[in-house]
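This report describes the parts of one protein model in turn. Please keep the sequence and the 3D view at hand while reading.

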Amino acid sequence: MSKLQSESVREAVKVMFKESADKKRKFRETVELQIGLKNYDPQKDKRFSGSVKLPRIPRPNMTVCILGDAQHCEEAERNNIPAMSVEELKKLNKNKKLVKKLAQKYHAFLASDALIKQIPRLLGPGLNKAGKFPGLIQHSEKMSDKVDEVKSTVKFQLKKALCLGVAVGHVEMTEQEIFANINVAVNFLVSLLKKNWQNVKTLNLKTSMGKPQRVY
């Protein structure tokens with residue numbers, strides 16, 4: 001967090017929260033971290049990709065679906081977590097439209113050990129294309145914790161453009177919680193960059209409907 005002044009971040013968070021409170025929306029606004037890069041050529045330089053778990057869940061509304069064996073489907077039902085069994089996946093019959101619809105319905109997927117290897121065979125490449133190939137869930141893990149872990153994880157992936165955005169929180173968090181999330185996200189991003197801070201041009205924070213607040 002060396003180059004990021006914590007004062008300017010706290011100030012930006014205050015301004016955002018005030019704007020959001022003054023203009024109350026009908027939904028919970030998400031706070032996004034927007035990053036502009038420099039001295040980076042997506043054509044030549046390695047396009048990076050990495051995920052980091054934030055201390056607090058940035059998007060509580062995010063939905064995770066379990067593609068489970070019998071035991072996992074039962075556990076999901078007990079925890080009110082959406083789940084699909086092998087039989088239900090087979091019914092989709094690799095139909096591209098249905099698989100695409102499934103991929104759009106949930107933000108992320110977790111699959112049992114026994115199922116994960118069968119996913120391409122059961123569903124074709126649809127989930128992978130949508131960038132939502134399931135993570136692995138073991139029987140030794142507590143499902144609700146694992147789902148929270150998925151909800152807390154943000155992914156940085158450089159494509160062709162030199163700008164990125166990730167959700168780092170929402171306006172109902174405390175300033176301290178969101179500050180901790182921003183710290184973790186920024187430090188992790190900088191560690192992915194070839195020349196670290198020298199590749200960072202700008203950092204902005206923005207609520208769904210608010211103005212961007214520049215913090216770097």
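Which residue in strand 6 is the bridge partner of Ala-111? The partner is Leu-136.

## Basis of the model

The model is predicted, with local features requiring pLDDT of at least 70 and side-chain atom pairs pLDDT 80 or more, while totals for chains, interfaces and linings use all residues. Residues are numbered from 1 along each chain as its sequence is written, and side-chain values use heavy atoms, without hydrogens and water.

Helices (H or I, at least four residues) and strands (E, at least two) are DSSP runs numbered from the N terminus. Two strands pair if DSSP finds at least two bridges between them.

An open sheet with parallel pairing is built from four strands in the order 4-3-5-6. Strand 4 and strand 6 are its edge strands, and each pairs on one side only. From one strand to the next, the twist averages 30°; angles run from 0 to 180 degrees between N-to-C directions, and axes are lines fitted to C-alpha atoms, for helices over the stretch in contact.

Strand 5 is joined to strand 3 (residues 64–68) by four bridges, and Val-64 stands opposite Ala-108. Three bridges pair strand 5 with strand 6 (residues 135–137), where Ile-137 is the bridge partner of Ser-112. Helix 8 (residues 143–152) lies across strand 3, strand 5 and strand 6, running at about 130° to strand 3.

## Helix 4

Helix 4 (residues 96–105) has the buried residues Val-99, Leu-102 and Ala-103. They are on the same side of helix 4 because they cover an arc of only 100° around the axis, the arc being that of the directions from the helix axis to the C-beta atoms. These buried residues pack (contact means heavy atoms within 4.5 Å) against strand 4, helix 3, strand 5, helix 6 and helix 7.

The face turned away from the buried side carries the exposed residues Lys-97, Lys-100, Lys-101, Gln-104 and Lys-105. At the start of helix 4, a side-chain oxygen of Asn-95 reaches to within 2.9 Å of the backbone nitrogen of Lys-97.

Four strands in the order 8-1-9-10 form an open sheet with antiparallel pairing. Strand 8 (163–170) and strand 10 (213–214) stand at the edges with a single partner strand each, so one side of each has no neighbour in the sheet. Seven bridges pair strand 1 (residues 30–37) with strand 9 (residues 200–207), and in strand 9 the bridge partner of Gly-36 is Thr-202.

Helix 1 (residues 6–22) packs on this sheet, touching strand 1, strand 8, strand 9 and strand 10, and its direction makes about 30° with that of strand 9. Helix 9 (residues 175–192) also packs on the sheet, touching strand 1, strand 8 and strand 9, with a direction at about 155° to that of strand 8.

## Cysteines

The structure holds zero disulfides (pairs of cysteine sulfur atoms within 2.5 Å). For Cys-65, the nearest cysteine sulfur is that of Cys-73, 8.7 Å away. Cys-65 counts as buried because its relative accessibility is 0%. Cys-163 counts as exposed, at 52% relative accessibility.

Note on methods:
Buried < 20%, exposed > 50% of the residue type's maximum accessible area, 1.4 Å probe, protein only. Polar contact = N/O pair within 3.5 Å; in protein donor to acceptor, adjacent residues only side chain to side chain.
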